Amino acid sequence: MSAIKSRTSHPQKIVQNIINMADIKTITQKDFEFLIELEELLYDRKEEMPDGSYTTSMYKKGLDKIAQKVGEEAVETVIASKNKKDKETIGEAADLIFHLMLLLAEKEIPLHKVIKKLRKRHSKGTHKHIGE
């Protein structure tokens, strides 16, 4: 059965998909500014290493521990995505993004380089991804 036929044979699914699409919000300038501020905070914490900071404690544990945490958060995101509650997936995805940004800061790879690579991959029309 084609994807079009399967979509049109379930009118209730079509309505639900339209409702879900209406819930999608475009990322805002404020969202971008927050990511920039978070990246700056991660670099500041790396330089200043303030006592009592979770970020400081992760930097002190080193790259291996930070990388392990990224892996843990990735697995938790996958598990949460299999559940019906989007709130859990959103929370785990937020943790994953934070820890990925922490890893990048530890390696002194600016987020803009990752975004540039992602844009380059998608601008060619090939949509080449790792593992394909």
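View 1. At 32% relative accessibility, glutamate 72 is partly exposed, where buried means under 20% relative accessible area, exposed means over 50% and partly exposed covers the range in between, computed with a 1.4 Å probe on protein chains only. The model is a predicted one, in which local features need pLDDT of at least 70 and side-chain atom pairs count only at pLDDT 80 or more, while totals for chains, interfaces and linings use all residues. Residues are numbered from 1 along each chain as its sequence is written, and side-chain values use heavy atoms, with hydrogens and water left out.

View 2. Lysine 69 and glutamate 73 both lie in helix α5 and are four residues apart, about one turn of the helix. Glutamate 73 is buried, with a relative accessible area of 4%. Through shared partners, the salt bridges join Lys69, Glu72 and Glu73 into one network. Side chains of opposite charge can pair when their charged atoms come close.

**View 3. The salt bridge between lysine 46 and glutamate 108.** By the rule used for these pairs, the count comes to three salt bridges. In the one shown here, lysine 46 pairs with glutamate 108, with the closest N and O atoms 3.2 Å apart. This pair links distant parts of the chain, since lysine 46 lies in helix α3 (residues 29-48) and glutamate 108 in the loop between α6 and α7 (111-123), 62 residues apart. Lysine 46 is partly exposed at a relative accessible area of 22%, whereas glutamate 108 counts as exposed at 55%. The backbone of glutamate 108 has a phi near 55°, a positive value in a residue other than glycine.

**View 4. Helix α4 against helix α6.** The axes of helix α4 (residues 54-61) and helix α6 (residues 86-106) come within 11 Å and cross at roughly 55°, each axis being a line fitted to C-alpha atoms, for helices over the stretch in contact, with angles running from 0 to 180 degrees between N-to-C directions. The two helices α4 and α6 are therefore oblique to each other, given that angles under 35 degrees count as roughly parallel, over 145 as roughly antiparallel, 65 to 115 as roughly perpendicular and the rest as oblique. On the α4 side, the contact is made by Tyr54, Thr55, Met58 and Tyr59, and on the α6 side by Phe98, His99, Leu102, Ala105 and Glu106, where contact means heavy atoms within 4.5 Å. These residues of the α4 and α6 contact divide into six nonpolar, two polar and one charged, with Ala, Val, Leu, Ile, Met, Phe, Trp, Tyr, Cys and Pro taken as nonpolar, Asp, Glu, Lys and Arg as charged, and the others, Gly among them, as polar.

**View 5. Helix α4 against helix α5.** Helices α4 and α5 pack at an angle of about 120°, and their axes are 5 Å apart. Tyr54, Met58, Tyr59 and Lys61 of α4 meet Lys65, Ile66 and Lys69 of α5. By class, the contact of α4 with α5 has four nonpolar, no polar and three charged residues.

**View 6. Threonine 56 and methionine 49.** Threonine 56, a residue of helix α4, is buried, with a relative accessible area of 2%. When neighbours within four places in sequence are left aside, threonine 56 is in contact with Arg45, Met49 and Pro50. Methionine 49 lies in the loop between α3 and α4 and is partly exposed at a relative accessible area of 27%. Phi of methionine 49 is near 45°, again a positive value in a residue other than glycine.

Methods: A salt bridge is a side-chain nitrogen of Lys or Arg within 4 Å of a carboxyl oxygen of Asp or Glu.
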